[in-house]
Amino acid sequence: MKIPTLLKYILLAFLTVYIMNAPAQQKKYSERMSETAMRVWPEAFVLEKGKSAKWSYDLGVILKGVEGVWKATGDKKYFDYIQRKMDYYVQDDGTINAYDRDDYNIDFINNGKVLLFLYQVTGKEKYLKASKALRAQLETHPRTKEGSFWHKNIYPHQVWLDGLYMGQPFYAEYAKLFHEPEVFDDITRQFVLIEEHTRDEETGLLYHGWDESKEQQWANKETGNSPHFWGRALGWYGMAMVDALDHFPSDHPGRQRIVEVLNRYAEALVRYQQKNGLWYQVVDFPDREKNYPEASASSMVVYTLAKGVRLGYLPAKFLKNARKGYEGILKEFVEEDSQGKVNLNGTVKVSGLGGNPYRDGSFDYYMSEPVIQNDPKGIGAFIKCAVEMEKLHSLRYAKGKTVLLDYYYNNEWKKDAFGRSIRYHYTWEEQSNNGYSLLGHIFRDYGAQTDSLSVKPTLANLRKADVYIIVDPDTEQETENPNFLQEEEIETIKKWVKTGGTLVLLGNDAGNAEFDHFNRLAKPFGIQFNKDNHLMVKQNNYQQGAVQVQEKNSIFKKPYKLYLKEISSLIVHAPSSPILGTADINIMATTKYGRGKVFALGDPWIYNEYLDGRKLPSDFQNYPAAHDWVKWLLK
């Protein structure tokens, strides 16, 4: 019996490595499990037959996972699923069906992350109004004396680890988007307080819940803590930290404090990872009768470790734990049915404290809750985990490299929904049509860091950049006092390229970009942007913008069908070479210049509108072509 078991383990490990290094066109587990969610909950999010749909937090867990799949594929069906699910609840006036603020349930906040995402992508006012309603709940949500949110109004004085995930990432993102800097102090305090109250010094693990009043039957009369370390509660807390940190200002002192908590958390959790790579329902009693490995907890911890390493919050040593955990999840919980669909086994349906009937937090209680297939919390956690693990094979490609996007020559501003001035038009942060958020996502998926430069380039501030992108320099009609390229800056950029930098020059059509100064920079590289306008697309006749990549292109590895619209053509001469054209015009050109290189195109091209799959017909291939382009820029 030992040999087959060993062989099975070896084959599974081999399969996992193969999947994580599979070509992009092969459907990944993140996609397959997303399709399971779409199959199980095609319309309303009904968890039990015969009951109405609820404004349930586990829907948000699934949809944040699916959001990651959309960004990794550019396939609109994933975005459409997210929007359809939220539109079931969010009315045109921003009211949310099945939501009652007076319940003061912190779980209700979780779906706000999806609302903020939809608002940023679509700009629809109803998503902002709904987000504001959830933010308003936090203004009056009951708190402990020290300032932590209660879990629910019906659970007074209690803080559960679960609640940190439900509330804090939304709270942080809202604060970032709508300029509430004081909120980050509040978030930091709540993460620190729950660790101080619930962390066990001997194991380093955190108890499931804490009762400030110490009145609950489950509460320790000295500490207020519940009796056990519940796996999924620890998973929620880990995901809460890495997701909230996405939105913290880089210089906020709370950022480092949460990172320190995260590191203590990770050190404790890996000590309780079992030989099969998994974590158990009650984490510190894996050998106790009836205890079992649990799918949602294991997926959440693997997600936390992998994302924490990727973003530099955790040391690289934790990747081996993440890989081992993912292998265990695929082996133990992921099952393929006779139709080739995948299902997720091994998720406990629910585990709580108090209530009616009363849940006493005992070991026997945790063992009594049902374990089911395709639980939404488990599916959501697995999708998030799979998205993160599927990044690993590509992260080494550009590790340590930085892509710098110009915010000086392209320096446009507008008023946001609160009347504040914000930068827009071809920025990393912008998730609407004209932003570069998806392009930044691709760069980061290859291990590069993305940054911006809002002052004029110097050798000192270009030194940190491997790729420098200047896109659509402003005209006087776009910006009151535009920054035009000057000779000193042009010489600086030339020197930087000659020493090995990669320069990207993205123009626009006549009337929508500055040409004279931009061409002074392009000229030494053998390139001129013409003041003309080609590939005019009338209404939705997208084929008028079709450009076919030919075989053996130096950048694009396949004969992609690309979409470009309203571009300026190029005049190309030595030392530059055209690499893409149509009819009698040059569209793209490259230049080898010293140890560096230059790419030029008379269009901003791969901004969100032409990359995310929501607008273009599916036969256009901008998204996979963008990956080839990014790899060429980074190599």
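**Note on the predicted model: aromatic pairs, cores and helices**

1. A search of the whole structure finds 41 aromatic pairs, a pair being two rings of Phe, Tyr or Trp (its six-membered ring) whose centres lie within 6.5 Å. Ring pairs join Tyr426, Tyr436, Tyr542, Tyr563, Tyr607, Tyr610 and Phe620 into a cluster.

2. The model is predicted, so local features need pLDDT of at least 70 and side-chain atom pairs count only at pLDDT 80 or more, while totals for chains, interfaces and linings use all residues. Residues are numbered from 1 along each chain as its sequence is written, and side-chain values use heavy atoms, with hydrogens and water left out.

3. Phe620, a member of the aromatic cluster, also has the charged end of Lys561 over its ring, 4.7 Å from the centre. Lys597 lies over the face of Trp632, at 4.2 Å from the ring centre. A charge sits over a ring if NZ of Lys or CZ of Arg is within 6 Å of the ring centre and within 35 degrees of the ring normal.

4. The largest nonpolar core has 181 residues, of which Tyr237, Phe382, Phe556, Leu562, Met588, Phe599 and Trp629 touch the most other members. Such a core is a set of buried Ala, Val, Leu, Ile, Met, Phe, Trp, Tyr and Cys residues joined through side-chain atoms within 4.5 Å; buried means under 20% relative accessible area, exposed over 50% and partly exposed in between (1.4 Å probe, protein chains only). Helix H9 (residues 231–245) supplies the largest share of this core, 10 residues. A second, separate core of 28 residues includes Tyr409, Leu453, Val497 and Ile527.

5. Residues up to four places away in sequence aside, Trp629 touches Leu439, Val504, Leu506, Ile555, Phe556, Phe599, Trp605 and Ile606, where contact means heavy atoms within 4.5 Å.

6. Helices are DSSP runs (H or I, at least four residues), numbered from the N terminus. Helix H2 (residues 29–40) is largely enclosed by the rest of the structure, because nine of its 12 residues are buried; among them are Tyr29, Glu31, Arg32 and Met38. From first to last C-alpha, H2 reaches 16 Å, close to the 16 Å expected at 1.5 Å a residue, the expected span being 1.5 Å times one less than the number of residues.

7. The 14 residues of helix H12 (residues 319–332) should span 20 Å, which agrees with the 20 Å between its end C-alpha atoms. Its buried residues include Leu319, Tyr326, Glu327 and Leu330.

8. Lys275 lies in the loop between helix H10 (253–270) and helix H11 (295–310) and, at 77% relative accessibility, counts as exposed. Lys275 and Lys324 are 49 residues apart in sequence and 8.8 Å apart in space, C-alpha to C-alpha.

Technical notes
Helices (H or I, at least four residues) and strands (E, at least two) are DSSP runs, numbered from the N terminus. Rings of Phe, Tyr and Trp (its six-membered ring) pair if their centres lie within 6.5 Å; planes under 30 degrees apart count as stacked, over 60 as edge-to-face and the rest as tilted.
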